[in-house]
Amino acid sequence: MEGRFLGSFGYKRVASSSSSAHEPSQLAGASLVPVAAPIATRRRGSQSLALLLPPAPQSPVPFATATPVSPQWVTSFCQLAAKLKNVSVLNQVINHGVSATLLEDFKREIIDFFNLPKEAKKKLWQQPDNQEGFGQLFVISEEQKLDWSDMFYITTLPTSLRIQLFENLPPKLRSLSLSLTGDAGILIYRSEKVGHHYLMSNGQGSKKVDIEEIEEMFSDEVQSMRMNYYPPCPEPDMAIGFTPHSDADALTILFQLNEVEGLQIRKDGNWVPVTPLPNAFVVNIGDIMEVLSNGVYRSIEHRAMVNATKERLSIATFYSSCLDSELGPARSLIGPDNPARFRRVPIDKYFKEFFARKLNGKAYLDLMKIEVAEDGSCGINLHT
Ligand SMILES: O=C(O)CCC(=O)C(=O)O
Ligand SMILES: [Fe+2]
């Protein structure tokens, strides 16, 4: 039997056999949710993914001047990049330089934010034809089964792309968002640098990536943020918190706020939980990176599960290329021995279509693919 869940925004979520409105905040420690992988594998898997980085600089450097990257960082992120190449596991990064106090403050502010009275939330609601604000994304029909979550999405950088909504945020949350945006920017910047360093020395065929080409693509430092709130679900096996997907951006930094397990990645056809480590960031490769690297990096398919008794919160910072750029494999990488595996599309069109679809694993990325036959001839994916 299908039930209805009325979330804080009054959306119906078809999920379980009981009707319920979620309770106010009741944060608690980590818990396990039933998943396919055995617990021993899950524990071992997530611990071994933790990457200890050398201590980060004490005071965050402004994003734009975050060069040069210290050799220590390069070494550590090279390990990270090497692990991420052609694999579908995530890495959790600690010693990332974002202060524990900032993360604690953020946590409190976000909990209060999702608990704002309805009237206050209405002022921060999504407007027609705009994804930003409280609401839902990727909903294209009335009949669609909704994810068991509430979310708030906002563009944070460049400042020219911010809308009034940013100014309407509660002042403390706004200021913390700015700090995290800057700090996550530094982390992303360093990850990207190493990613590109990796592509320069280990590109495909005889071609190596031209760093200037990449830097130009990312020169606007486009960033957005998504706050996710997953209420307890009376029948967690009947619902999903976040439908399987890969992120459409280049790199994502994800923070699992209250250390409740729920994030899972698809690895070798199985779903593997990413047990939250205190104050760790999950670095997630997105579709833009897969396309840009012509498939050297693989975006990571992931989903979020819900919990019968505990609410869960996460915040994702998405980093993308300039909105007036074109998405496609880096031209410097492409040549006769490394034909393009993805087609080229204007990035604004790419995002527009991404938001107009239902999430479905990596299906959207698959549409960008060009089939490369054994004899080297190419054909565009017929499903486009
Ligand atoms: O809540 C999570 O752990 C995943 C969130 C996520 O995948 C996203 O915001 O894109
Ligand atoms: Fe995601």
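Helices (H or I, at least four residues) and strands (E, at least two) are DSSP runs, numbered from the N terminus. I start there because those labels, such as H10 for residues 363-368, the helix that holds leucine 365, come up throughout this talk.

Some bookkeeping. This is a predicted model, in which local features need pLDDT of at least 70, side-chain atom pairs count only at pLDDT 80 or more, and totals for chains, interfaces and linings use all residues. Residues are numbered from 1 along each chain as its sequence is written, chains are lettered from A and ligands numbered from 1 in the order in which they are written, and side-chain values use heavy atoms, with hydrogens and water left out.

Now the overall picture. The chain has 10 helices and 19 strands. It runs to 384 residues, and 55% of them count as buried; buried means under 20% relative accessible area, exposed over 50%, and partly exposed in between, with a 1.4 Å probe and protein chains only. The chain exposes about 16700 Å², and carbon and sulfur atoms supply 54% of that. Those areas come from the Shrake-Rupley method with a 1.4 Å probe, and for residues only the protein chains shown count as cover. Take the contacts in the chain with a separation of 6 or more: residues 24 or more positions apart account for 75% of them. Contact here means heavy atoms within 4.5 Å.

Next, the metal. Which residues coordinate the iron ion, ligand 2? They are His245 through NE2, Asp247 through OD and His302 through NE2, at 2.1 to 2.2 Å. In sequence the spacing of these donor residues is H-x1-D-x54-H. Donors are N, O and S atoms within 2.8 Å of the metal (3.2 Å for Na, K and Ca), and water is not among the atoms, so sites may look incomplete. Histidine 245 and aspartate 247 are both buried.

On to the core. A nonpolar core is a set of buried Ala, Val, Leu, Ile, Met, Phe, Trp, Tyr and Cys residues joined through side-chain atoms within 4.5 Å. The largest one has 78 residues, and those touching the most other members are Phe106, Ile110, Phe152, Leu180, Met227, Ile315 and Tyr350. Helix H3, residues 100-114, gives the most to this core, with 7 residues. Isoleucine 315 makes contacts that include Phe106 and Ile110, along with Leu180, Met227 and Phe255, leaving out residues up to four places away in sequence.

Now the loop between helix H8 (287-292) and strand S14 (302-304), where serine 299 is found. Is serine 299 buried or exposed? Serine 299 counts as buried because its relative accessibility is 3%. Its side chain makes a polar contact with the side chain of aspartate 287, at 2.7 Å. A polar contact is a pair of N or O atoms within 3.5 Å; within protein, one must be able to donate a hydrogen and the other to accept it, and residues adjacent in sequence count only if both atoms are side-chain atoms. Beyond four places in sequence, the contacts of serine 299 include Ser246, Lys362 and Leu365.

Asparagine 294 sits in that loop between H8 and S14 too, and is buried at 0% relative accessibility. The asparagine 294 side chain reaches the backbone oxygen of proline 339 at 3.1 Å.

Back to leucine 365, which is buried at 1% relative accessibility. Leaving out residues up to four places away, leucine 365 touches Asp287, Glu290, Val291, Ser299 and Phe342.

Some backbone points. Most residues other than glycine have a negative phi, and most peptide bonds are trans. The bond from leucine 157 to proline 158 is cis, with omega near -5 degrees, and proline 158 lies in the loop between strand S7 (150-157) and helix H5 (164-167). Glutamate 221, not a glycine, has a positive phi of about 55 degrees and is partly exposed at 23% relative accessibility. Asparagine 279 has a positive phi as well, near 55 degrees, and counts as partly exposed at 22%.

Last, cysteines. How many disulfides does a search of the whole structure find? The search finds 0, where a disulfide is a pair of cysteine sulfur atoms within 2.5 Å. Cysteine 233 is buried at 0% relative accessible area, and cysteine 322 is buried at 4% relative accessibility.
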